[in-house]
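Open the model in a viewer and keep a selection panel at hand. The stops below go from one selection to the next.

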Amino acid sequence: MARKVIHVAVNGVTGRMGYRQHLVRSLLAIREQGGIRLEDGSCLYPEPILVGRTAERLRAIAERHGLERWTTSLDEVLADPSVDVYFDTQVTSAREAALMRAIEAGKHVYTEKPVAASLDGALRLARAAKAAGITHGVVQDKLFLPGVLKLKRLLGGGFFGRVLSVRLEFGYWVFEGNEIPAQRPSWNYRADEGGGIVLDMFPHWQYLLTGLFGPVSAVYARTATHIPRRWDESGTPYEATADDAAYAVLEFASGAFASVNSSWAVRVNRRELLELQVDGTAGSAVSGLRDCAVQHRVSTPMPVWNPDLPDPIDYRALWSDVPDNMTFDNGFKAEWELFLRCAAEGRPFAWDLAEGAKGVQLANLALQSSAEGRRLCVPALDV
């Protein structure tokens, strides 16, 4: 079988997400399976080029995985005509400028979210990529999660009837960093470095909820910084200036509503860190990263409110798990395969930078809504 090599520059590979999900579990996993089968019968084989700021860490990763190419120079990578794809998984504050340079260099671009800190910046990137005629895409991994795929199958089969409401719960306790080291980097809690749960997570909620339930037409949100003092990686205390929690109500064009709670200051009492409950006229479902449980109209109990007696109903026992009756691949890897196919064949990618701009738009509107204390409509974007 003929092999076609596609050279992929991965910027930010020394970070946890860049290393674990994008390099090891996606690009290297694709190589281990022998590549990606193309329509012409050939096999597309990704060749990663590691890019970052620290030579020692890049060298160690390259040696660990038998990779030949790494560099601390983005200019070197973008000037190399053999490099086909530029992928960005840096900190948010560095992303927009690097992506624009890659677009101007004629590379196909694929990126983590948010694509930029502002809507204006995200639109500049989308318009530049469109004008350049390159293939461009944004990571929208949660659409490929097993629990979400099960939920989408239920929606496609009409299980819910008319969808009435959605409840999204996300978050966990991020330690302050003094007694126990924080499990998230300190820049996440500094507004001037692109931190904040809204900018981090609302681009996810935009594509996830839109992909399942259609366009979001309005948003009302309130943000909070529940933990105002944290300790950084060196143990030095600092003031947290970015939001660590957000509470929002979204309206869909369909007439359905979603309550969306996101927090890094909440203790988990649910099956998974992300949970979506969907209620419809004919049935309901609760979906997480992997699991999805359902309750149909015919098996819905009839609770009676009586605070004076113990409730006799075991509510959770009346839900049924949707079985794993298909094979689920790693969500990041599945989307990487789709993007690399499009880049190799010169085709547009479904989840492009214009879609990424919509995620930034929702995040910016949520922050504006919180600052102004009012409901805001979500206008259509002109890309």
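At what angle do helix α5 and helix α9 pack, and how far apart are their axes? Select residues 119-132 for α5 and residues 353-372 for α9 in this predicted model. The angle is about 175°, and the axes lie 9 Å apart. Angles over 145 degrees count as roughly antiparallel, so α5 is roughly antiparallel to α9.

Now show the side chains between the two. From α5, the contact takes Leu119, Ala122, Leu123, Leu125, Ala126 and Ala129; from α9, Leu353, Ala354, Ala357, Val360, Gln361 and Asn364. Sorted by class, the residues of this contact are ten nonpolar and two polar, with no charged residue.

Next, select helix α4, residues 92-104. Which of its residues are buried? They are Thr92, Arg95, Ala98, Leu99, Met100, Ala102 and Ile103. Following α4 is Gly106, which has a positive phi, near 80°.

Move on to strand β6, residues 108-111, and pick Tyr110. Then pick Phe339, in helix α8. Their rings form a stacked aromatic pair, with 4.5 Å from centre to centre and 15° between the planes. Tyr110 and Phe339 are both buried. Because one partner is in β6 and the other in α8, the pair ties together parts that are 229 residues apart in sequence.

Phe87, Phe144, Trp336, Phe349 and Trp351 are linked with Tyr110 and Phe339 into a cluster by ring pairs. Across the structure there are 13 aromatic pairs.

Select residues 331-345 for α8 and residues 16-32 for helix α1. How do these two helices pack? Their angle is about 60°, with the axes 9 Å apart; α1 and α8 are therefore oblique to each other. The crossing is right-handed.

On the α1 side, show Met17, Gln21, His22, Arg25, Ser26, Leu27, Ala29 and Ile30. On the α8 side, show Phe332, Lys333, Trp336, Glu337 and Leu340. Trp336 also belongs to the ring cluster of the previous stop. By class, the contact of α1 with α8 holds seven nonpolar, three polar and three charged residues, whereas that of α5 with α9 has no charged residue.

Notes. Residues numbered from 1 in each chain as written. Predicted model: local features only at pLDDT ≥ 70, side-chain atom pairs only at ≥ 80, totals over all residues. Heavy atoms only, no water. Axes fitted to C-alpha atoms, helices over the stretch in contact; angles between N-to-C directions. Helix = DSSP H or I, 4+ residues; strand = E, 2+ residues; numbered from the N terminus. Parallel < 35°, antiparallel > 145°, perpendicular 65-115°, else oblique. Left-handed = near helix turned anticlockwise from the far one by under 90°. Contact = heavy atoms within 4.5 Å. Nonpolar A, V, L, I, M, F, W, Y, C, P; charged D, E, K, R; others polar. Phe/Tyr/Trp six-rings, centres within 6.5 Å; stacked < 30°, edge-to-face > 60°. Buried < 20%, exposed > 50% of the residue type's maximum accessible area, 1.4 Å probe, protein only.
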